[in-house]
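Reader: I would like to go through the contacts in this model with you. Could we start with the charged pairs and then move on to the interfaces?

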Amino acid sequence: MAKVLMKGNEAIALAAIKGGCDAFFGYPITPQNEIPEYLSKYMNEHGKVFVQAESEVAAINMVYGAAGAGARVMTSSSSPGIALKQEGITYIAGAKLPCVIVSVMRGGPGLGSIQPSQSDYNQATRGGGNGDYHVICFAPETIQETIDTMKEAFDIADYYRNPVMVLVDGLIGQMMESVDFDRPIKQRFLPPKDWAASGTKNHPGRNVINSLYLEPKDLEEHTLGLHKKYQSVIQNETRYEMINMEDPDYVIVAYGTMSRVARSAIEMLEKKKLKVGIIRPISLWPFPKQAFKEIGPNCKGILVSEMSLGQMLQDVQIANKGRLPIAFYGRVGGYVPEPEELYDAILNFKKWEVLD
Amino acid sequence: MKRITFIVGHYGSGKSEVAVNLAIQKKVDYLLDLDIVNPYFRTRELTQMLKEKNIEMISTTPLNGQYGDLPYLSKDVFLPLIKKDCQAIYDLGGNDAGAIILRQFSEHIDESVDVLLVVNVFREQTQSIDAIIKQIRSIESACGIPITGLINNSHLLKETVKADLVHGDALVKEVSKQLHLPIVYTAIHANLYDPSFEVSGEALVLKLYLRKSWL
């Protein structure tokens, strides 16, 4: 397939198909509606499953059921819709099931707006579900990267038997780019799903999908098992990009759309004879803490920029361990900071410094 | 250019950028944003800029604001159709879902009206002649009005090369031949435009107004 021009949401849908998605369950919400719209046409025509559920809660529980039966399954939603899915997500994580969740962030809190935001970083990386669990979360910055991530997400979910979230803001969902769907992804060995509750034909006895462990001994053992798995995710799936990071004067930390703004800003700063690098987290959980150890000795500070009032900021503070001064610049309400704003924030670093 | 131009087409075919460029270059009196499908990149975001160019923007009511998510149109959208001494461009939403609202204008459709379909052969759903014709038929049946011409807007954004324009021209020409529809404009981004390049219909040199410069 040659290059085509795709809208972010459509590309997510087509990439899911290319990634081997068997079933989609969702409920409409702006600004991600092109995902279910696209899949509604395709899935039924190709003998796969598409259900527009009666609610987000129903949709995520359908995902739970289909994942338990061994299907490669996904749902998509936006901020308040993802909030509604949290209970189902912790059940899925607790039952060690794979699924892909796409979150296209809009304004919040509450109904907020339909304009883009990054104010669901905490929702994605901390989650609203109960218990000791994690959702593996990737935040691509271009539509091409979103496609590659989506295709791989199903394999990562299957490999770790854990929910994987692909997190973008509404701008990536709605914008257009020319993209290629045939880029190769990492090949992984995926064992057969002999744990799936899909009948007893291929194995003796009965498989049970469950997240209830009443005996302390059993629940501790189960949770420690999850914990061990998460350590391996941290070790193997942490992703980030270092841009212009050879001995920078300042470092901007930004993900998704904001890292694109930062790329323009550092070009402007270059003309001012300031060397500014970018740490771009691609996996938000696991957060790439090790990137911060690589910041050179002459760096004067870290500027975190988000389309929120400072959520990833906390992860940067943890990773920085008090070493460098940290400043924060963010916009909310649907505004995307312009490169000029980041340029000014670096030049007036003290003004935006976070004092805690 | 006719007094009234309705711009229809596939999602993301470039209707809004084409509509804004046409409105500015042809110095029309009104630009109407009838997009009730798409939540972002709508022409109404340019209200102020267009006002400075003496083009009045008509979209939703002030109460709804610019960023509403309601499938609602102000009655003001009938103004250019009733007021005969003005020129207007109507920018509709994508696909049949966006074009369906044209039905309410059926009694105003006459010789002074063009319904132009924007096509980009690099959009994933409109890459072949058959797919484009299918799209045209589905839009026509939704809006109940025949399409009167084509606007070729084939491109891959920054990655467009001249060979892409040639490919787009060849495909849209074939659609034009099969459906007996004229190619009224060929849109080309200003960075790629070369006056020596022969295009079908009138060349419409595009400046992108809705896309952020850093994208």
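**Salt bridges and interfaces**

Author: Over all chains, the count comes to 32 salt bridges. The model is a predicted one.

Reader: Which residue does A:Arg72 form a salt bridge with?

Author: The partner of A:Arg72 is A:Asp158, and their closest N and O atoms are 2.7 Å apart. A:Arg72 lies in the loop between helix 3 (56-68) and strand 4 (73-77) of chain A, while A:Asp158 belongs to helix 6 (residues 143-160) of chain A, so the pair ties together parts that are 86 residues apart in sequence.

Reader: Are A:Arg72 and A:Asp158 buried or exposed?

Author: A:Arg72 is buried, at a relative accessible area of 16%. A:Asp158 also counts as buried, at 13% relative accessibility.

Reader: And what about A:Asp218 and A:Lys217, how far apart are the closest N and O atoms there?

Author: In that salt bridge the closest N and O atoms are 3.6 Å apart. A:Asp218 is partly exposed, with 31% relative accessibility, whereas A:Lys217 is exposed, with a relative accessible area of 62%.

Reader: Turning to chain B, which residue pairs with B:Lys2?

Author: B:Lys2 forms a salt bridge with B:Asp114, with 4.0 Å between the closest N and O atoms. B:Lys2 sits in the segment before strand 1 (4-9) of chain B and B:Asp114 in strand 5 (residues 113-119) of chain B, so this pair ties together parts that are 112 residues apart in sequence. B:Lys2 is partly exposed, at 32% relative accessible area, and B:Asp114 is buried, at 13%.

Reader: Let us change topic. How is chain A divided into domains?

Author: The domain assignment gives domain 1 (4-237) and domain 2 (241-352) of chain A. The C-alpha centres of these two domains lie 28 Å apart.

Reader: How much area do the two domains bury between them?

Author: Domain 1 and domain 2 of chain A bury about 2400 Å², 51% of it on carbon and sulfur atoms. On the domain 1 side, A:Gln118, A:Tyr121 and A:Glu141 lose the most area to domain 2, together 34% of what that side buries. The contact involves 32 residues of domain 1 and 27 residues of domain 2.

Reader: How many salt bridges are there between the domains?

Author: The count between domain 1 and domain 2 of chain A is five salt bridges. A:Arg280 and A:Glu141 meet in a salt bridge through their side chains, at 3.4 Å from N to O. Both residues also belong to a network of salt bridges that links A:Glu141, A:Glu145, A:Glu241, A:Arg263 and A:Arg280.

Reader: Now the contact between the chains. What area is buried between chain A and chain B?

Author: About 2500 Å² is buried between chain A and chain B, and carbon and sulfur atoms give 56% of that area. A:Leu5, A:Ile114 and A:Met176 supply 22% of the area that chain A buries against chain B, more than any other three residues. The contact takes 30 residues from chain A and 24 residues from chain B.

Reader: How many salt bridges and polar contacts join the chains?

Author: Between chain A and chain B there are three salt bridges and 13 residue pairs in polar contact. The side of chain A that touches chain B divides into 15 nonpolar, seven polar and eight charged residues. The side chains of B:Lys212 and A:Glu338 meet in a salt bridge, at 3.0 Å from N to O.

Technical notes: Residues are numbered from 1 along each chain as its sequence is written. Chains are lettered from A and ligands numbered from 1 in the order in which they are written. This is a predicted model: local features need pLDDT of at least 70, side-chain atom pairs count only at pLDDT 80 or more; totals for chains, interfaces and linings use all residues. Side-chain values use heavy atoms; hydrogens and water are left out. Domain bounds come from an automatic or database domain assignment. Contact means heavy atoms within 4.5 Å. Buried area is the accessible area (1.4 Å probe) that two parts lose on being put together, summed over both. A polar contact is a pair of N or O atoms within 3.5 Å; within protein, one must be able to donate a hydrogen and the other to accept it, and residues adjacent in sequence count only if both atoms are side-chain atoms. Ala, Val, Leu, Ile, Met, Phe, Trp, Tyr, Cys and Pro count as nonpolar, Asp, Glu, Lys and Arg as charged, and the others, Gly among them, as polar. Helices (H or I, at least four residues) and strands (E, at least two) are DSSP runs, numbered from the N terminus. Buried means under 20% relative accessible area, exposed over 50%, partly exposed in between (1.4 Å probe, protein chains only).
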